[in-house]
Every structure is written in structure tokens, then in C-alpha cells.
Amino acid sequence: MTDVRLIAERPEPAPPRPWHFPPFTRREVAGGRMLVCDIPGRPLAVVSLVIDAGATTEPSGQEGVAELAARALSEGTQRLDAYGFAVASERLGAVWRSNVDWDSLRCGFEVPVDNLVEATGLLADAVRTPGFDDATLTRVRDERVDEIALDQSQPGPRAVSAFVAAVFAEGSRYSRPDGGTAATVGALEPDDVRRFHAQRFGPATATAIVVGDLSDIDVDAVGTALFGGWESSAAPASVPDVTPRENQRRIVVVDRPGSVQSMLYAGHDAPARSTSDYVPMTTMALVLGGMFNSRLNYRLREEKGYSYGAFGSFDCRRHGGTFAARSAVQTEVTAPALVDAVGEIVAMHKDGVRPEELEQARSYRAGVFPISFAGPGPVAAGLGDLVTHGFPDDHFDRLRQQVLDVTVDQVNAAASARLRPDNLVCVVVGDAGKVVPELESTGLGPVEVVADDD
Amino acid sequence: MPALPHYPFVRHRLDNGLRVVISEDHLAPVVAVNIWYDVGSRHESAGRTGFAHLFEHLMFQGSTHVGRNDHFGLVSAAGGTLNGTTWCDRTNYYETVPAHHLETALWLEADRMGGLLDALDQQNLDNQREVVKNEKRQSRDNQPYGAWLDLVHELAFPPGHPYQHSTIGSMADLDAASLEDARSFYSTWYGPDNAVLSIVGDVDPDATLAAVQRYFGGIPAKGSYPPPPAHDLDPRIGAEIRRVVPDRVPVPRTFIAYRCPPFGSRGFESIELASTVLGGGRGSRLYKALVLDRPLMQPDDEITSTWPFVAGGTVLIADLPAREGVDINELEAAYHDVADRLVDGITDDELERARSLITSGWLHHLTSVDGRADAFSQFTTLFDAPELVNDMLPRLLSVTAEEAAHWAGEVIRPDNRVVLQFVPAADEDAA
């Protein structure tokens, strides 16, 4: 066999090529707001609505009604039943997507651009004149209750619901998953969904997003189809209650006998998206748990082999947020893995980042902008974020520059202020009989065991 | 039907056998680099199941000029994303980077293609073995219904067939894997003449090919590779196979797998269309019958799907999670009532709906540069035909209603199915 000849020297990168978020326009059409982005040469387009009807706009006690409303939109209109609506959209190659998060409800189609106008008509019908008959709303609710049970049978989602219940005060919207619980969803009546729709859906709360090759598209006609003649009294939502608990560090074990892994969550409440140190704080989190070479993944996976992966991140919403480190670890190493994870949070809080770590996080985060926004779907999602958070047009370009400019001092100040090791809630979904004694001996904090069906 | 896009590409073969596909796309200043090695879990030897995948992990642990954590570190620092995956027919490695970092990605891939053994050691193997065992626990052993995939492999393919075991392998085999196994696996399968490199994005094809030549040209060809394991397969399973699996699950769920013609064949393409009519989207027959007309199963936009396996045959799978309180046998009977009738014919309206869904699904798959790069590698590795990136969709759209019904009759039948029933068990019985 001949010798292997490899290039020893790592290549220097070529000069960076300029990148900007794709140019878009804001328009007012037929009394509605639109964000429009022309991306020539792409066969698929997106038409969607971003509506101020996220989980935090739900009436207290009706957690999950936004998700239910979003699902029921595509289950028939006043013209077409559920099957008719599905066939009509699928014959256009239009794929319906709806999504509810804390801050908005988004729904619409990805569709071959030739069929964009026809799909827009279906979207308008779904959002403005949904069928919402009793039988359909009851079926969709019952499906959703079953889905929550399926979801909660998985360790990850079960850990999330235990985590938010422990971090946020009873009655705080953030104390329950954004899609609601089996109990809150199961108690919803058809009238609750109809009322939510009437109060939250309208031209004052909705913004249209249109992205794709629009060279042959009459965008104003799209806007008119969506907004023309839409009468609604829906108004911007009031500020929700998202109060956190005052936690001292503690451990909550959700008992699942026989589990071969423990799902770990360790975190606390965090600032809203609008916090002035958002960029330093989230860049710090990249070093802690947001990249493959992050400290958490390195320690728990690459050094110890405890886990397939370990992560840590902030989830910053309009009215507040969370920080959490998370990992699924082999049952036998539950206690040492949690000690390691908490140890990384403590170390970051106390000592901050090294310059070379920050350099890698900075260049990673700035570099992935063009990858993150390649194509109509991701651009539409980015435009939706501008709507949800009220960001200016040059938001993504500015954000990228802020990332490039962030300093070690700023990041370390954020680590010190925004990580609060003394307030960590540590959730363990696993076999309590096997893990509790060792968890108690870690000294991390008091251990409470709750039943799986709590 | 919308006008279908045509993605330009050039192909080339280096003197060492490395096949290269380059496709320009200047929408954004990014480039996707994707390598398929023509080795997957299908090529594993007895007692070493899971090894191709474990080996994939070792490919991220450094090579001649790349330090242990530098592969991820350098791509991240370049502002790129990366990963690798293993399945029955292949192992792939890919990174998407800002276009001016193209050569960083090429350098990293070339270094591990030619120089992995310089960095491979017992410590890396032991660590990644534990990581992979936790991957198995996380994706299978600690998940409700987590055993279904391994059971489909085990039951839909006969003993001795290379698809009879799944890619993750067994804990015992993972434990048995030695450093010598890893060295031997690399020496056997990892060479330029057993790989395809695809590059899609904001690049100049001539300059890119020159760079590929520079980084990969010094890696010698191996010259020969073991013949693939025998994969002769009867077209049908022969008799229904049925398994009841008590598990810690909230509701019963039935998986039904049928053996079907391999990916790349007209039969497979016909089954793709049949599957879309039957269980693709909310306008499909199964969605209407089992979700809308009677509340028997949880809604799912893709009730039926296929795996793209090429060796002898593959499977069509139906996934039927029951609604709370629904008798699992009633659901299954209602399912067969619908599925077994596909052979009777497909209407023009159904055909048009299915073709539209297949079109938009395919366009979506090829939207991103990384999706397209993977498709170029896939079609070149499996069929030596990168042009299928453009030609596969027209092929799928040329399937007639008669062909789809015919192949449905060949495949969707009682003597050709595996039925797995997951049922809730009392805690002490749970797996």
C-alpha cells in the first residue's frame, strides 16, 4: 500500500463573504400588517399568520386552549369539513403547519409557489371562518388529552412538566407546559375554544408573513384575501402572571421504577427576551451547554461517558424565561452526573469563561446566521420572531454584530448575575428506589419524591 | 403541477477512486460538505452488531493532524454545524459551514479519511462505547414503545439477512468491540474508493475540485472491498408474524410492517405512491377512516412510511397508536379493512392528491444545501447516479394508479406482514 499523504497545515479561511438577513418589506393591506420577503428561484413558498394568541394569552384555568384552537383551525371551515379541507390543501401540495408557543400562535402553509394564492384562500378560511362545530372540537380535545398522556410517558417531557411546576408559582402561567396539562385540556369545552378564537384572532392581533419567489405573485391580493373585510374585536393581550417561586436548591425525583436512565433537569427562572444582557447571557450559555464542545457535554459525555449528550440553555420569552441544564444519564451514575452538572453551573457562575472559549462561541454563533436563514421556511420563522418581539427591521444584522462584539467582562457579569446555583431546582425522572439514597448523600439539597402521576 | 426545479451539478472521479459531486447554489454564502461511506450496519459481521455506528463516533475523536476535540471545535469556531449518522446501507458525515471555510471542512474530512488510526486509542473507544450505550438507552430502552424498531428488523427479515439486526446493535456486542475491531473495520471499509463526497452551495466548481484534489488526492485507493453480505430475500414473508409486547405505555399501539421491493426499483416507487394514498397526509384513506370517520387512532400525518433500503428488499410500515379506550383488535381490523382494499384501485382524485404531496415533500427535502448534498451522496453511493436528485421526482410522478394498486396487492397482504402489538403492562411486567 502506498503512503498516505495528508495536508498537515490547517487551511486559513478565505475572506468572509458579506451576509445580511434577506431584505423584506412591511406593508399595510386591507387593514392588516404584512411582512414580505422575495427569495427568487425557490420552488416552495410560505404563507402564514403570526397571531398574538400564544399560551400566555390564555384565560387562567384554560391552559392549552390556544393549542387546541390552533389544531382545530385545520379541521374544517364553514365551507369544507375536515376531510374536505385536507384534500383541498393537499391537492395543492400545501402542507399545513401550526405551532403555539408562549408568545404567539403561528399557522399557515408551505406550498409550491404556483399554488400560493389558492393556498392563501384556504388559510384565510381556516383562520377567519373555522368550522369549530361541537363534534370536531370535542374530538380534537380528546385527541389532545391522549397525546399529552403519550407525551408525558416519555422521560423528557415528564421532566419539563415537573421542572416548570417546581420553578414557577402555582397560578403562574409558566408553571404549566405551554400546551396545557391533561387536566386543563380535558376540562375545555367547545365554547372555550370558540371564545378564545373570537377574543384573540383578528386583524389587530395577526400579521401575515409571505416568503418565496414572489416574481409572479400579487402580494396585495394575498393580503386582501387574508384581511379584507375581517371584523373582529380582538385586541392585544394583557400582561400574564408568570411569577417564579422563591426556591432554595432542592431535588425533585419523579419516580419511575425500572428506568434504565434518569432524565436530569437543573435550572431556575430567567429574564425575558428583552433583557439588556441577552447577548452576553446566551453566549455564556453556549459555552456552558450550547455547543458540542460545551462544558456540560464535554464533562458528562466526552469525559465521563455518562450520557449521549448534555445541554444547557436559556429559554427567553416575552414575559420571562427559564435556564436549564439537561441530560439523560445512565441510572447508576445519576448522583455523580447531577453533581457534575451542578458543578459546571457553579464554576461558570463563579469564574466565567476563558477568552478562547468565548472566541469559539462568538464565531460559532455569528457564523451560523447565514445557515440558520437559508430558504423560505427559516426566513419566515425569523420574520415571525420580529413580529412576536417587536424587533426592528435590522434586528438580525444587529444581533449578529452584538454577538461579534461581546466581551469576556460582559459575559462574566451575565454568568454571575443570571446563573443562580443556590436557587437550582433539580428534577430527576427515574427509579427513585435506586437513585434517592445517593442523591441525598450529595448534599446538593433536600430530596422530594413525587409519584409519576402527580 | 408546478414546474420542477433542476439542480445543476458536475461529477468527477479522482485517481484514487473518490467520487465527487459539486453543485452550485449562490442563495446564501454557505456550503454543505457531505461524505457517504458505502458501509453500514448491513456490512457488520456476526457478534459485532452496532459496530458501524460505534465506529462513526470514533471518527469524531481526532486523526493525524486533528486533536481529540478539534473536529467539533474547528467546525463550530468556523460558524458551522456538523454531524454523522449510520444506517443499514451507509455511514455519512457532514458539515455546513460559511462558504469561506470550505477548505476547513475538506481538510477535516480528508484527515480522518486517511489518518484516523493515528488518533484511535483504547480511551476513545471505551468512552464512546459508553456514549453509544447511553444513546441506545435514551432512544430505545428508556422510551415507551422503544423496542418497535429492533423488532421490525428482527421479524420482517429472515435470520442471516443483513437487515435482520438494527443499526444500534446489542449491548453485548458493543461490550465485545475491541480496539483491534476498530482498526480492522477502518482498514477494511474507509477508503476514497468506497466514498462519495458531495459539495453543494456558494462555490466555484473548478476551484472546489482543485481543492478536493489537493486535500484528498494523497489518500491511496484501497483497491478492493469485501463483497456485500448475501441479501437474497423472498419477496414475501410467507405467513403472518404476530407479537404482543407488554410495555410501560399509556395506550396500545400497533406497528405493521410489510416486506416490499427495494429502494430504487419501480416496485418501491409504486409502493411510495400507494403508501401516500393509503396513509400520507390528512386526506389519506386511513386518516379519514381511523381518525375522522371513527375515533380509533391518534392523528398522524404520516400513518404509513417506507425505509429506503436497497439490499434485496425493504419495508412498508404502518404506525397505529390507539385512542384511549379503543380496543386494539378493533383498530387493527378497521385498518386492514382499508389497507387490504387498495388493490381494488385508486381514483384520479387520489392520484392527483398523492402526486402533489410527493412533489412538495420532495421539494422540501431538497430545499436546503445540506439536504441536497446528502441526496447527491445517497444516489451516487447507492446507484452511481447523482442525476436522480433531479430525476427521482419525475420517476415517482410517472407511477400510474394501476401500478400502485398492483404493487399494493403484492405487498399489503396477510401473508406478508409483521404485526407488533404494544400493550400497557402492570409495572412488574414491564420491559
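## Two chains in contact, and the elements within them

In this predicted model, 72 residues of chain B are in contact with 67 residues of chain A, two residues being in contact if their C-beta atoms, placed from the backbone, lie within 7 Å.

Residues are numbered from 1 along each chain as its sequence is written, while chains are lettered from A and ligands numbered from 1 in the order in which they are written. Local features need pLDDT of at least 70 and side-chain atom pairs count only at pLDDT 80 or more, whereas totals for chains, interfaces and linings use all residues.

Helices (H or I, at least four residues) and strands (E, at least two) are DSSP runs, numbered from the N terminus. Chain A holds an open sheet of six strands in the order S9-S10-S8-S11-S7-S12, with mixed pairing; two strands pair if DSSP finds at least two bridges between them. Strands S9 (307-316) and S12 (447-451) of chain A stand at the edges with a single partner strand each, so one side of each is left without a neighbour in the sheet. Inside the sheet, five bridges join the antiparallel strands S8 (residues 261-270) and S11 (residues 425-430) of chain A, and Tyr265(A) stands opposite Val427(A) in S11(A).

| Helix | Partner | Angle |
|---|---|---|
| H5(A) | S11(A) | about 150 degrees |
| H9(A) | H10(A) | about 5 degrees |

The axes of H9(A) and H10(A) are 5 Å apart, and their angle makes H9(A) roughly parallel to H10(A), a term for angles under 35 degrees.

In helix H14 (residues 388-397) of chain B, Val389(B), Met392(B), Leu393(B) and Leu396(B) are buried, that is, 20 or more other C-beta atoms lie within 10 Å of their own. Seen down the axis of H14(B), these buried residues fall within an arc of 95 degrees, so they line one face of the helix; the arc is that of the directions from the helix axis to the C-beta atoms.

Technical notes
Axes are lines fitted to C-alpha atoms, for helices over the stretch in contact, and angles run from 0 to 180 degrees between N-to-C directions. Angles under 35 degrees count as roughly parallel, over 145 as roughly antiparallel, 65 to 115 as roughly perpendicular and the rest as oblique. A residue is buried if 20 or more other C-beta atoms lie within 10 Å of its own, exposed if 12 or fewer, and partly exposed in between; C-beta atoms are placed from the backbone.
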